[in-house]
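Please keep the sequence and the 3D view at hand while reading.

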Amino acid sequence: MSTHASTPSPSHAGTALSVNLNKVALVRNTRHLGIPSVLFAAALCLDAGARGITVHPRPDERHIRPADVQELSALLARDWPGAEFNIEGNPFHNLMELLRELRPHQATFVPDSEGQFTSDHGWTFPDDAERLRPLIEEAHALGVRVSLFMDPDADMMAAAKAVGADRVELYTEGYAAARGTSRADSVLALYVEAAKAAQAVGLEVNAGHDLSRENLADFLRAVPDVREVSIGHAFIADALELGYAATTREYLRCIAEAR
């Protein structure tokens with residue numbers, strides 16, 4: 001599948017790019033021909049320098065399906081042992097079964113409803129704490145790092161740490177929507193404050209949702225020490241025009257510019 005078995009090191013400095021492949025599967029699922037290939041997309045992105053692959057399998061299987069997750073796990077273990085595999089989803093739906101079977105590097109717990117169109121909010125505390133705690137403990141027992149999908153609310157970060165999370169993924173749709181408006185600076189300040197609050201209690205920070213070539217560098221310049229960005233919709237839209245490899249290099253350029 002890959003032209004060479006490169007092994008990107010997880011210890012590289014800077015922000016890691018994880019490519020979300022859901023939209024590749026969404027297009028494939030409109031026919032029964034098996035194209036475009038999710039595995040080939042992953043290989044091309046990793047060949048071009050992406051440091052991880054993200055998938056979000058939902059119960060309705062409208063895009064990524066359990067078989068995709070299994071095949072991607074095998075591909076990364078065989079050809080890309082240094083790349084990170086991040087499986088997102090609601091741990092009260094279908095996520096835990098995949099964690100038990102595949103033990104990915106990271107699980108991102110997202111509070112989606114079963115038929116939700118796309119992720120649109122983070123966990124809240126103390127409401128979700130007692131439900132999440134045993135599942136985070138189980139993920140840790142499997143050797144899986146846990147990131148919680150969170151709104152940019154600095155007051156929630158200590159509670160996310162207390163429940164056992166290793167990281168938070170800041171939900172960035174609000175940042176993207178405010179860009180270019182009179183609210184842009186005040187909204188971005190919420191992400192800066194949330195990231196600093198998370199880091200102050202020992203959490204690492206990821207970010208994702210509606211990040212793009214147009215807004216990524218500015219976000220990373222402002223928000224300190226983001227460990228990973230997970231980008232799907234904009235990435236795949238760009239790849240339709242530029243190709244997977246060129247798109248990967250463009251996002252890596254945005255990350256480099258932010259440094």
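## Two crossing helices

Helices α2 and α3 cross in the right-handed sense, where a crossing is called right-handed if the near helix is turned clockwise from the far one by less than a right angle, and left-handed if it is turned anticlockwise. The contact is made by Val38, Leu39, Ala42 and Leu46 on the side of α2, and by Asp68, Glu71, Leu72, Leu75 and Leu76 on the side of α3; contact here means heavy atoms within 4.5 Å. The axes of α2 (residues 38-47) and α3 come within 10 Å and cross at roughly 35°, with axes being lines fitted to C-alpha atoms, for helices over the stretch in contact, and angles running from 0 to 180 degrees between N-to-C directions. Helices and strands are DSSP runs numbered from the N terminus, helices being H or I with at least four residues and strands being E with at least two.

Asp79 belongs to helix α3, which spans residues 66-79. Asp79 counts as buried because its relative accessibility is 12%, given that buried means under 20% relative accessible area, exposed over 50%, and partly exposed in between (1.4 Å probe, protein chains only). The side chain of Asp79 makes a polar contact with the side chain of Arg78 at 3.2 Å; such a contact is a pair of N or O atoms within 3.5 Å, and within protein one must be able to donate a hydrogen and the other to accept it, while residues adjacent in sequence count only if both atoms are side-chain atoms.

## How the model is read

This is a predicted model, in which local features need pLDDT of at least 70 and side-chain atom pairs count only at pLDDT 80 or more, whereas totals for chains, interfaces and linings use all residues. Residues are numbered from 1 along each chain as its sequence is written, and side-chain values use heavy atoms, with hydrogens and water left out.

## The barrel

Eight strands close into a barrel in the order β1-β2-β3-β4-β5-β6-β7-β8, and the pairing is parallel; two strands pair if DSSP finds at least two bridges between them. Neighbouring strands of this sheet are turned by 25° against each other on average, with direction ignored.

Strand β1 (residues 16-20) pairs with strand β8 (residues 226-231) in the parallel sense over four bridges, and Val19 has Ile231 of β8 as its bridge partner. Helix α11 (residues 244-258) packs on the sheet, where it touches β1 and β8, and the direction of α11 makes about 145° with that of β1.

## Strand β5 and its neighbours

How far is strand β5 enclosed by the rest of the structure? Five of the six residues of β5 (residues 145-150) are buried, so this strand is largely enclosed. On one pairing, strand β4 (residues 106-109) joins β5 in the parallel sense over four bridges, with Phe109 standing opposite Leu148. In another, β5 pairs with strand β6 (residues 167-171), also parallel and over four bridges, and Phe149 has Glu169 of β6 as its bridge partner.

Together with helix α6 (residues 157-162), β5 and β6 make a right-handed β-α-β unit, meaning that, with the strands pointing away from the viewer, the path from the first strand over the helix to the second runs clockwise. Ser147 lies in β5 and is buried, with a relative accessible area of 0%. Leaving out residues up to four places away in sequence, Ser147 touches Gln106, Ala107, Thr108, Phe109, Arg167, Val168, Glu169 and Asn206.

His105 sits in the loop between α4 (95-102) and β4 and is partly exposed, with a relative accessible area of 39%. The side chain of His105 reaches the backbone nitrogen of Phe85 at 2.8 Å, and the C-alpha atoms of His105 and Val144 are separated by 5.4 Å, although these residues are 39 apart along the chain. Arg103, in the loop between α4 and β4, has a positive phi of about 50° although it is not a glycine.

Most residues other than glycine have a negative phi, and most peptide bonds are trans. Glu61, in the loop between β2 (52-55) and α3, has a phi near 55°. The peptide bond from Ile35 to Pro36 is cis, with omega near 0°, and the bond from Phe125 to Pro126 is cis as well, with omega near 10°.
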